[in-house]
Amino acid sequence: MTAPLNIITRSTARSRFGAAFAMFRNRKSITGLSILGFFVLVAIFADVLAPYSPTKVDPTARFQAPSFEHWLGTTHIGEDVLSQVIHGTRGVIVVGFLAAIIATLIAIIVGVISGYLSGWRSEALSALTNVFLVIPGLPLIIIVASMFDNPPLFVIAAVLGLIGWAWGARVLRAQTMSLRNRDFIQAARANGEPLRRIIAVEMLPNLMALIAASFVGTVTAAILGLTTLSYIGVIPVTTYNWGTILNWASAQGAFRQNQWWWYLPPGLCIAAIGVALSLINFGIDEYVNPRLRSAGERARAMKKKGLNINDAVTAVRTNTTTKETR
Amino acid sequence: MNAIQTPLHTEDYDALEVGTTATTASKGSVRVPWRFLGGRALFYAFTLWAAVTINFLLPRLMKGDAVSAYLARNRNISPEAADGLRALLGLDTDKSLFQQYIDYWSLLVRGDLGVSLLHGLRPVTEVISQALPWTIGLVGFATIVSFAIGTIAGAIVGWRRGSRLDAIIPITTFLSTIPYFWLGLLAIALFSVNLRWFPIGKAYGVGWSPELSFEFIGQVIHHGFLPAMTIVIASLGGWVLGMRNMMLTVLDEDYITVAQAKGMTNRRVLWGYAARNAVLPQIQSFALSIGFIVGGTIVMEMVFSYPGVGKLLLDATNAKDYALMQGVFLVITLSVLVANILADVAYAFLDPRTRQTGA
């Protein structure tokens, strides 16, 4: 009696686990996750991968173009640019993920609670969310960061997270409000399930795609924020990340002397990680809203049959076998 | 479309004469959506209060004070003068925090933002009012151009779904994931240093002062082209993608099929029905992303040494000039709020549903 029951529970547990990752099971998401994984690995094994120490000064090799010894050339005091980029990955990944974890936690708490409750408490939390959405974040971060003498990375991550949660909270609130009145939530409430069980077991699985999307969005925003802050010099230039490299390159006139090996790689790395994250988000978007994917496929399928999707007149054909489904 | 619910419009009109589409039927009576606008006004008042309060609390919560930093740079100032400076900046600590808060508001209402230590003790309002027109001109122009181009392009890409135009999406996304400042630096390296088409930074040439002449305006356009284009290119992707995704959703609606079945031209269905409805969320996200764009532009001003408020903020930050920092933050927040209000008003008049709740 217990054996078949066990099998059932195990298989549902596995399918539930699989369902939680279904949004990543498409080509766009997998490509994005692979690029992101590459950068995470680089960050972890930076010490092994970097050919030199990022701060190793070599006065005999200043402003060198890429060569066999220095794949990405050297800086104004002979530091190896490739090693700096590799070591810089660490700060970017750590701050990006830490800030996104903080922001997503706040977004889930504020968004789900304000979506589940009703009345003035819900409205107050919503107003708070909107205030954080409207207040320009970067100037505020600049002011806050400038008040620390030597802000460690986790402080930067915390500030970025505390300012960047509002968008996720807004999206989650809207979805929770629509879930609140569905039958299965009503049934759970009628069964007398406690509030935390309703939220954790009934609601959160249905919000997973949105939570993932807002997490990915916050990572992007945090990485852009960190590199921008480092570039303008609000964050001390001693902790290496891609923004700091650009700060040095800009201060030493690399942009005016065409030392492309110095300023191109860090920027391209930021762009690559940004593309990876938006690919993941495209994948999630298409999972949440299948029209985004099917619209193009449907139009192409019609074109193959010699039809134009925007034609108002439907061509009547005698041997139609499949009917277009809406 | 809900707007066809005629009972709300009590005015007499001949349905056959004006036609039965929502656009023409509701044009006869444009109602002002008072309740919607009132709710938004309340929200903006609250946001303004929150911004001012954050602005008040920030320098008081943090360690380090502006006067000590100022004294460190200018050693020949007596302790009495330092106390005087503290009183002038409202930093004298013998008052309670609440009293300081009241004083802060009363100064603010009178338009007094204190004096800037960085700019020779000139009033902050004066310093900011010199920089603000440059920023509003640059950001306003670039944002509107980018929004217009992006939305129109998104509508067309969404309409011609499945065609080769879909390739625009990854390209614009790539451009929008690049940080603003890096794109700006690349633009300088390419167009100013190598090709010498545009000057490096600044709003107008050395030796010029603002005046109303064709040569000066030419100077401003010549200097502003590169920063404006960089902002447009960097922010275009979001608008294209948002509009295209909204179009794909809207084009599946029944009223599009009905409009086509009525024999309307594709042109009218695209712009009058699909795009008109798809643009509404765009306007909402315009309101929300304006703060983000302003943040990016601040850094652009530093890259191009453009004499706007962003550069002012960064200079003030480096010099720990708190009065100027607070003033700039307040002005930026105010500008973002004003942009939001404009977007809200546009939304209220474009979306018939807000008119209905107001009626």
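**A residue in the core and its surroundings**

Guide: Setting aside neighbours within four places in sequence, A:Leu160 is in contact with A:Val95, A:Ala99, A:Ile141, A:Ala222, A:Gly225 and A:Leu226 (two residues are in contact if their C-beta atoms, placed from the backbone, lie within 7 Å). Bear in mind that this is a predicted model, where local features need pLDDT of at least 70, side-chain atom pairs count only at pLDDT 80 or more, and totals for chains, interfaces and linings use all residues. Residues are numbered from 1 along each chain as its sequence is written, while chains are lettered from A and ligands numbered from 1 in the order in which they are written.

Now let's step out from that residue. A:Leu160 is among the residues with the most contacts inside the largest nonpolar core, together with B:Met247, B:Ala274 and B:Val328; this core has 160 residues. A nonpolar core is a set of buried Ala, Val, Leu, Ile, Met, Phe, Trp, Tyr and Cys residues joined through C-beta atoms within 7 Å. Buried means that 20 or more other C-beta atoms lie within 10 Å of a residue's own C-beta atom; with 12 or fewer the residue is exposed, and in between it is partly exposed, with C-beta atoms placed from the backbone. Helix H10 (residues 195–232) of chain A provides the largest share of this core, 18 residues (helices are DSSP runs of H or I, at least four residues, and strands are runs of E, at least two, numbered from the N terminus). Both domain 1 (34–116) and domain 2 (132–356) of chain B give residues to this core, so it lies between them. In soluble globular proteins, nonpolar side chains tend to be buried together.

Next come those two parts of chain B. Its domain assignment gives domain 1 (34–116) and domain 2 (132–356), with bounds that come from an automatic or database domain assignment. Where they touch, 18 residues come from domain 1 of chain B and 15 residues from domain 2 of chain B. On the domain 1 side, H3, helix H4 (66–73) and strand E1 (115–116) of chain B each give two or more residues. H3(B) gives the most to that side, with 10 residues. Sorted by class, the domain 1 side has 12 nonpolar, 5 polar and 1 charged residues; here Ala, Val, Leu, Ile, Met, Phe, Trp, Tyr, Cys and Pro count as nonpolar, Asp, Glu, Lys and Arg as charged, and the others, Gly among them, as polar.

The two chains also touch each other. This contact takes 49 residues from chain B and 46 residues from chain A. The elements that each supply at least two residues of the chain B side include helix H3 (34–61), helix H10 (214–250) and helix H12 (266–303) of chain B. H12(B) gives the most to that side, with 9 residues. By class, the side of chain B that touches chain A has 31 nonpolar, 15 polar and 3 charged residues.

Back in chain A, helix H8 (residues 166–180) has 15 residues and reaches 21 Å from its first C-alpha to its last, close to the 21 Å expected at 1.5 Å a residue (the expected span is 1.5 Å times one less than the number of residues). Among the buried residues of H8(A) are A:Trp167, A:Arg170, A:Leu172 and A:Arg173. The cover over the buried residues of H8(A) includes helix H4 (81–116), helix H5 (120–134) and H10 of chain A.

Follow chain A past H10 and you come to A:Tyr240, in the loop between H10 and helix H11 (242–251) of chain A. A:Tyr240 is buried, because 24 other C-beta atoms lie within 10 Å. Beyond its neighbours within four places in sequence, A:Tyr240 is in contact with A:Pro54, A:Gln84, A:His87, A:Gly88 and A:Gly91.

Chain A has 13 helices and 0 strands, and 42% of its 326 residues are buried. Chain B has 15 helices and 2 strands, and 38% of its 359 residues count as buried. The average pLDDT of chain A is 80, with 87% of the residues scoring at least 70 (pLDDT is the predictor's confidence in each residue, from 0 to 100).
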